[in-house]
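Here is a short report on one protein structure.

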Amino acid sequence: MKLEIGRIHIKDIQLGNETSVKNGVLTVDTQGLIKFLREDERIKDVKLDVAKPGEKVRIIPVKDVIEPRVKISGGNNGFPGVTAKQAQCGEGRTHVLYGAAVVTVGDIVGFQEGVIDMWGEGAKWTPFSQTFNLTVDIQVADGLDPHTHEETVRIAGLRAAEFVGLVGQDMQPDEVVTYEMGSIFEETAKYPDLPKVLYAEMMITQGLLHDTYIYGVNAQTILPSLLHANEELDNAVISGNCVAACDKITTYQHQNNSAILDLYAQHGKEINFLGCIMVPEHTTLSGKMRASDYTLKLIQMLGADAVVVSEEGYGNPDSDLLIICKKCEKAGVKTVLITDECAGRDGMSQPLADTVPEAVAVVSGGNVSHVVTLPPAEKIIGNVEAIAVLAGGWEGALLEDGSLQCELNAVIGATSEIGYHNVTCRLY
């Protein structure tokens, strides 16, 4: 597969009467987009706004973040199986509005949504303080059940990203990045002496608004599945979950999966990158055993020497992560884990809910329980009082002067377990 990503660099964003990009400034047709989204009868009202890096703007509660893009060749525009007809992802050319993002906001359905601050202390913790954000605040029709409510807002965000992304259809990108890998047999023939490495990406698939979709299929219903790395980079995988904001893998992060990009960068140099195994996370022991057995089987069938396993969420999924690790290491497959820690506010508690002696190479995305104080904003997009019911927030987290005191749990992308975030370690 060969995928070309044409990046159109966005340096500013504003609302207006047309959708255009001129000299790096993205203008969004306000009334046109609202009319487009309200074609869905489940939507009562839409509010659009913008949030730019450095502005004292707080967005809350955030549901998803999506990168606007348009398919130029090699498939259907949009998100196949969700907002577009089924088509193969991962081939041809896709143009992206690089540096822009659609951020969906709406009433709380579950309690695990999040906060984005565009400045100050909060900006340090979320990667989406650095994107030019079009916020889409959705008010749904009365009487929708929680799952329909959540689906309505999620689909609206995807459709908004499509609407905006279309502007890049006839534009000349500022740069083109190419991702190309042949079959496993072809790549192994080219790099016979390099270790063969797979990436196993665990996905929240626990139901009750904890869902991930691949080509529109709820991954809760599938066995672990092999994808070409290009597919995830080209809209095949979307977020549909309300898990804790800090390690929720947003659709934007699937579109720009850091683990995939880092492995791709070493392909043909230090490793032979074989592709991605998408692993559902289950709540039952039988589900965990089935998924881990099937994951190991795929790893062995493909002859991988090593596997990088990333988690989504914490607590219950820690067991899935460690079970996969134990089975792979016992089978002779070197295993590296990417997780975050729920180590208490003092950092002294047991970081994971499970452990095995085989987990000898573990990368941490940070402590979700770390408490931060976010200063008062000059502008709120959404409803700041939602902090009282967010994971990582509490009644009283909104202080009298407008500051927020919360755990990183509440900050979108703060401890991302695919590495798409700002947390690092300090060397002494």
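The largest nonpolar core has 47 residues, and Ile59, Ile116, Tyr199 and Phe273 have the most contacts inside it. A nonpolar core is a set of buried Ala, Val, Leu, Ile, Met, Phe, Trp, Tyr and Cys residues joined through side-chain atoms within 4.5 Å. Buried means under 20% relative accessible area (1.4 Å probe, protein chains only), exposed over 50%, partly exposed in between. Elements that each supply at least two residues of this core include β1 (2-9), β6 (57-66) and α7 (258-266). Helices (H or I, at least four residues) and strands (E, at least two) are DSSP runs, numbered from the N terminus. A second, separate core has 33 residues, among them Val46 and Leu134.

This is a predicted model: local features need pLDDT of at least 70, side-chain atom pairs count only at pLDDT 80 or more, and totals for chains, interfaces and linings use all residues. Residues are numbered from 1 along each chain as its sequence is written, and side-chain values use heavy atoms, without hydrogens and water.

The whole structure holds 0 disulfides (pairs of cysteine sulfur atoms within 2.5 Å). Two cysteines illustrate this.

Histidine 421 sits in the segment after β24 (404-407). Histidine 421 is buried, because its relative accessibility is 17%. Beyond four places in sequence, its contacts (heavy atoms within 4.5 Å) include Pro127 and Gly365. A polar atom of its side chain lies 3.2 Å from the backbone oxygen of glycine 365.

How values were computed. A polar contact is a pair of N or O atoms within 3.5 Å; within protein, one must be able to donate a hydrogen and the other to accept it, and residues adjacent in sequence count only if both atoms are side-chain atoms.
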